Amino acid sequence: MLARLRVQWGAETTFVSWRAAQDRRSRGEHCGYGRMDGVRVGNRLVGTQAPVTIGWENIPRVEGGPVKQFVFTWFQPAVLFALIAFWYYAPNSIAKASTAIGIGIGFRLFLLALEWVNPRYASWQLTWKEAVTDLFYVGLGYTILGLIEGFIGSDAVIEWVQTSYDWSKLAWFTGMPLLLQAFLISFIFDFGQYWMHRGMHNWYPLWLPHSVHHYITQLNINKGAVGNPVELFLIGLGIGGFFDFLPRAALLAGAIGLAVGTYQHINVRFNSPRWWRFLFNTTEHHSLHHSQDFEATRSNYSNSWIIIDRMFGTCIDGEAELLGMEGGRRMSIREQMTFPFTEGWKTLKEKYGKDRYDTVPAE
Amino acid sequence: MTNPSALASSRRLPQAFTSGDRVAFRFLDWIWTIQGSLPLAPGQSGDDAFGRLDPLFHQPGTSHERSGDTLTFRKKDQAAQDKMAVFDSGVLRIERVSAGAVLHYRLVSRALLACFLAPLLFLSFAGLTVVVAHLQKPSAEDAAKKKPEKKDVVRQLHPIDQALGAPAPEKPKKDDKSKDDEGPSPTPAYVFAAIFAVLYGVGRVLEARLARRLFRQRLLSA
């Protein structure tokens, strides 16, 4: 069966393919789920197929005493500034990639514990099966995918570009202040990812490998790794890694990614400060992107800098609990591995196969 | 509490199997199946017990069938939020004994089997990494012929960073380059093989306890 979306047009409720939904939408037909009116956000009608919460004023706050409120309000900025300070002043003997990997693993373990302390939704609570599935994908990333990436992935592309062009012309980049270099590396890389991600939601061949990631029905710290390996190669092909920058600036940019991007997939409720959620992507933004509502998924494409979505009119401030595709069908790992290929083949057969001529002509 | 004989009919082992095969299969079977039994409350009927357990089998992707004192279920693409998501099929059977009625269950989990086998997969990745690293290692001759190295330029920090006290970049050490030439490392694959071995042990114990607790809570619920 092709990937189906449950939609309603007028009195007609049906399951249609992603492409059919796109076609009908482009013809100006509004699809919706009967009982839900949706919320108008600019030109869009969001939340007509599945429940979503739109607007910061409607999003629940952290419940508990003043200490808990304080911790879950200032935790994110405190970690960000602490990491920036650490990488800015760490001696050269410490400021290296292995330290960054260690901090990254330690931080993720800490956040896993935080998911138990202050979950956003009970329905997203990590189970043994979900933890094992997520770690399987993390493991692939650290092992076999990393090995292949060295030959055909972004590492190989960056190396090829760097050796085919005299990048010393861009040596001025290394002369800029460290924090400016770090910001530019982070922002330019995110800019590339934004357009790749947006392309995935708008061009069927790119959507096929990405669609698998949208079958997750809850957000947890390692859910970002879940997806078809083809997509993981594509998403790595951002720009920004081509500049000749100071190693310390790259480590600072990595720290920004860790202290901001990690919160995309996390089951923790924070009272993120207003300036934070204006600049950065949050769990709220990303849960909306993973909603079962088709229109809501076409928003919040950036990785760390949600301000890029604001620049291009694709940002929606809100959140969702009900996530996934096809009404929340969970996809097995085996299907996740084959889905883009089997779906692509079915679509090709539908379009060019002989079955399309098997209609009985009118007498 | 396990009573294998009570569920022997659900095993459906061919008659041609010898008793040795059966013992071996039972041992292997333990990897991905969870069995147990729970005494029903005095006077509790089979209908009442299955009625209390019924909501567990009305989840998306779950089909079930009841025949007398036996209930079989099957799950496909079950949601992560399903309390029995880790199981793909199973048999629940109520047996009358002299002391009362007992619920026997046998639950099958492909996730447990996959987790049990995962260390082997990651060990094979480690082996592959070792082979690739060996093939990538330049010979002494190649290393000697290596293209002339670029001059190591010591870069200067921007005056703002100097004023703020950030450590100045150092000239890259020769040792660091030799480390880069070592190629991919199999260590992460070994680490993940160990992680999945531990996770299997945890899951095998935890999921058996959770299933038992879930059934008990349902059977005792008002």
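Mentor: Chain B holds an open sheet of five strands in the order β1-β5-β4-β3-β2, with antiparallel pairing. The edge strands, β1 (33-39) and β2 (62-67) of chain B, each pair on one side only. From one strand to the next, the twist averages 15°. This is a predicted model: local features need pLDDT of at least 70, side-chain atom pairs count only at pLDDT 80 or more, and totals for chains, interfaces and linings use all residues. Residues are numbered from 1 along each chain as its sequence is written, while chains are lettered from A and ligands numbered from 1 in the order in which they are written.

Trainee: How are strands and their pairing defined?

Mentor: Helices (H or I, at least four residues) and strands (E, at least two) are DSSP runs, numbered from the N terminus. Two strands pair if DSSP finds at least two bridges between them. Take β3(B) and β4(B): they pair in the antiparallel sense over five bridges. There, B:Phe73 stands opposite B:Gly90 in β4(B).

Trainee: Which strands does helix α3 of chain B lie across?

Mentor: Start with the terms. Residues are in contact if their C-beta atoms, placed from the backbone, lie within 7 Å. Axes are lines fitted to C-alpha atoms, for helices over the stretch in contact, and angles run from 0 to 180 degrees between N-to-C directions. Helix α3 (residues 46-53) lies across β2, β3, β4 and β5 (100-108) of chain B, at about 155° to β4(B). Helix α8(B) also packs on the sheet, touching β1 and β5 of chain B. Its direction makes about 30° with that of β1(B).

Trainee: How many residues does each chain give to the contact between A and B?

Mentor: Chain B gives 33 residues and chain A gives 31. On the chain B side, α8(B) supplies the largest share, eight residues.

Trainee: What should I make of a positive phi?

Mentor: Most residues other than glycine have a negative phi. A:Asn300 has a positive phi of about 55° although it is not a glycine. Its place is the loop between α13 (294-297) and α14 (306-312) of chain A. B:Asp77, also not a glycine, has a positive phi of about 50°. B:Asp77 is in the loop between β3 (70-75) and β4 (89-97) of chain B.

Trainee: Is each one buried or partly exposed?

Mentor: Count other C-beta atoms within 10 Å, placed from the backbone: 20 or more is buried, 12 or fewer exposed, in between partly exposed. A:Asn300 has 26, so it is buried. B:Asp77 has 15, so it is partly exposed.

Terms used:
Contact = placed C-beta atoms within 7 Å.
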